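User: I'd like to learn how to read the features of a protein model. Could you walk me through this one?

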Amino acid sequence: MGRIRKLKKIRIHHEGTQILISSLLFFILINSLLYCGLETKIPFYLFTIASIVICSLMVNFFRCPIRYFNQDTEKVVVAPADGKIVVIEEVDENEYFMDRRLMISIFMSVLNVHANWYPVDGTVKKVGHQNGKFMKAWLPKASTDNERSMIVIETPEGVEVIARQIAGAMARRIVTYATEGEECFIDEHMGFIKFGSRVDVYLPPGTEVCVKMGQLTTGNQTVIAKLK
């Protein structure tokens, strides 16, 4: 399958543009009122420092590094997110496959990049969203009980793979860009999860696993598995 580069060269993800602008305007307004309305400048200095710290954390959260996977993508599964491997095991997948699948889960902290990439080249077969709870994302039941979005991708070889975006205790906003019937490629953004969570990838049993528990991953760069 030919590969089409559609990833725009952006440093701040567009999901954060409005939030960052609104926050910046808010902090400028409050700092201006404190500077002009109080005789002592100590509150102004303290709030200014706090504003800089908060804005820096938000910019860090919404950063969007430019990444291309410069290897052969045939039968390769790449990490859909930055984070840490927290699950590698065969589980019952009861929402789509209705059978046993190998699940690899990546947990994202608030310090990780929160853009999500497609883990494989292929065609989007199904996109679904399921309302649910907002338990801590690293808990085992988060995969089945938390709010989540499911993207089913069929690779050029006919293998179906699920990428599941899962909300967490802090993550209350899952954004999914995938559309049923469209071609998708490694290097393209699959979605975005705001303020920490996890992404699960479901693969056929017997898939070669290329990562280990606790390993740190880089979205669109780390090879997590190879399909048969």
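Analyst: Happy to! Let's start with a term: helices and strands are DSSP runs, numbered from the N terminus, and a strand takes at least two residues. Keep in mind that this is a predicted model.

User: Where is Asp 187 found relative to β9 and β10?

Analyst: Asp 187 sits in the loop that links β9 (183-184) to β10 (189-194).

User: Is Asp 187 buried or exposed?

Analyst: Buried means under 20% relative accessible area. With a value of 3%, Asp 187 is buried. Its side chain also has a polar atom 2.7 Å from the backbone nitrogen of Phe 69.

User: How do strands of a sheet pair?

Analyst: Strands of a sheet pair through backbone hydrogen bonds, in either a parallel or an antiparallel way. Here, eight strands make an open sheet with antiparallel pairing, ordered β9-β5-β6-β7-β11-β3-β2-β13. The edges belong to β9 and β13 (216-217); each has a single partner strand, so one side of each has no neighbour in the sheet.

User: How many bridges join β7 and β11?

Analyst: Five bridges join β7 (residues 160-166) and β11 (residues 197-203), in the antiparallel sense. Within this pairing, Ala 163 stands opposite Val 201 in β11.

User: And what about cysteines: how many disulfides does a search of the whole structure find?

Analyst: A disulfide needs two cysteine sulfur atoms within 2.5 Å. Searching the whole structure gives zero disulfides. As for burial, Cys 184 is buried at 0% relative accessible area, whereas Cys 210 is partly exposed at 29%.

Terms used
Residues numbered from 1 in each chain as written. Predicted model: local features only at pLDDT ≥ 70, side-chain atom pairs only at ≥ 80, totals over all residues. Heavy atoms only, no water. Buried < 20%, exposed > 50% of the residue type's maximum accessible area, 1.4 Å probe, protein only. Helix = DSSP H or I, 4+ residues; strand = E, 2+ residues; numbered from the N terminus. Polar contact = N/O pair within 3.5 Å; in protein donor to acceptor, adjacent residues only side chain to side chain. Pairing = 2+ DSSP bridges.
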